[in-house]
Amino acid sequence: EDRLDANETVILALQLEQMRARTADIKRPEFKARLLVPVTSEVDPGAESWAYSQWDRVGMAKIVANYADDIPKVATFAKKFTQTIETLALGYGWSWLDMLRTAKAGVALRSRNTQAVRNGFEQRIEEIAAIGIPATGATGLLNNVNVPQITAAAPAAGASARWKGGNKTPNEILNDLETMEDTILTTTKGVERPDTFVCSMAELRYIARTPLSISAGADPKDTILKVFMEKSENIRNFDWWSYCDTIASGLLPRAIMYKRDPLTVHLEVPMEQQEMPPQAKNLSMEVNSVGRIGGVAWEYPLAAIYMNGI
């Protein structure tokens, strides 16, 4: 009987191999910027910078006599905040030989590259929304200098104030959550009411799973998170964001409680990603995409609070 040599065996194996239509793509964390930070597009894409004003007023009516000539006057004034608008760009290319090979293999190379560019834009927007643009000094949702900061309270016993793996009791963690909400309400005299809480995944899962009490008669379903949501009059949204993991001083986690409203905080995107026409370059084609972003604006920073070291 005839026997196949090594090369012929490999060729036969490739002919018998069936490629599955469904591919196994590398999975990456979901993008949360547009969920956690309201997006606006109010600025002209051609502008180099943009600004917003924060107005305040002073003056209160007083009791006066008939024919009074000492009526008090109000005064209004504004603070101006300016931020730059940056251009984002990303592209892809292919050679004429790439097109021939992918066409023969049945691979939609351009559609995959287009999606990769889209994901690349969203990945950069995710970072800018969270921590800003360090090169320009712009900050994000999690590190604005005008948002008040507090530190997680020390435990009654032990030294570590960390929620997960520290020395704090469930009730002490519940007190931390209530302190965050109460601080915003007290500071603004009830004008601002936070509705969203965001922290790292580990801490959120811990408070969502840990019973407030394990004493006899306590319901194990009454976790720290559940009890807080039942007691709070305002907080209705909870989520985690990986950028919270090490953003506080000392690479400690930070939580934020805030009012998720475009009038309070928003991410300005003057121009979403736009794909430019293909350009021929020697024996290849290049397709570039551009977009413009203005960063995160905290118009009412007292409607939020950071808690470090949770």
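Predicted model: local features only at pLDDT ≥ 70, side-chain atom pairs only at ≥ 80, totals over all residues.
Visitor: Fine by me. What does the protein chain consist of in helices and strands?

Guide: The protein chain has seven helices and 14 strands. Of its 310 residues, 34% count as buried.

Visitor: How many cavities of 30 Å³ or more does a search of the whole structure find?

Guide: The search turns up one, and the volume of this largest cavity is about 30 Å³.

Visitor: Which residues line the largest cavity?

Guide: The lining is made of Leu88, Phe121, Ile125, Val269, Met271, Glu272, Gln273, Gly291 and Arg292. Elements giving two or more residues to that lining are α4 (109–131), β10 (271–275) and β12 (284–293). The most comes from β10, with three residues.

Visitor: On to Thr40. Why does Thr40 count as buried?

Guide: Buried means under 20% relative accessible area. Thr40 has 10% relative accessibility, so Thr40 counts as buried. As for its place, Thr40 sits in strand β1.

Visitor: What makes the link between the side chains of Thr40 and His266 a polar contact?

Guide: The cut-off is a pair of N or O atoms within 3.5 Å. The side chains of Thr40 and His266 are joined at 2.9 Å, so the pair falls within that limit. Not counting residues up to four places away in sequence, Thr40 touches Pro262, His266, Leu267, Glu268 and Val269.

Visitor: Why do you say that strand β1 and β9 pair?

Guide: Two strands pair if there are at least two bridges between them. Strand β1 (residues 39–40) and β9 have two bridges, so they pair, and they do it in the parallel sense. Opposite Thr40 stands Glu268 in β9.

Visitor: What is the order of the three strands in the open sheet?

Guide: The order is β1-β9-β13, with mixed pairing. At the edges stand β1 and β13, each with a single partner strand, so one side of each has no neighbour in the sheet.

Visitor: Which way do the residues of strand β9 point?

Guide: Val265 and Leu267 point one way, His266 and Glu268 the other way, and all are buried. In a regular strand the side chains alternate between the two faces of the sheet.

Visitor: Last stop, Phe238. Where is Phe238 found, and which residues is it in contact with?

Guide: Phe238 lies in strand β7 (residues 237–240). Leaving aside neighbours within four places in sequence, Phe238 is in contact with Phe197, Leu204, Leu225, Phe228 and Met229.

How values were computed:
Residues numbered from 1 in each chain as written. Heavy atoms only, no water. 1 Å grid on protein atoms, 1.4 Å probe; cavity = no way out; pocket = protein on both sides within 12 Å on 5 of 7 lines; lining within 4 Å. Points joined across faces, edges and corners; volume = space filled by probe spheres on them. Helix = DSSP H or I, 4+ residues; strand = E, 2+ residues; numbered from the N terminus. Buried < 20%, exposed > 50% of the residue type's maximum accessible area, 1.4 Å probe, protein only. Polar contact = N/O pair within 3.5 Å; in protein donor to acceptor, adjacent residues only side chain to side chain. Contact = heavy atoms within 4.5 Å.
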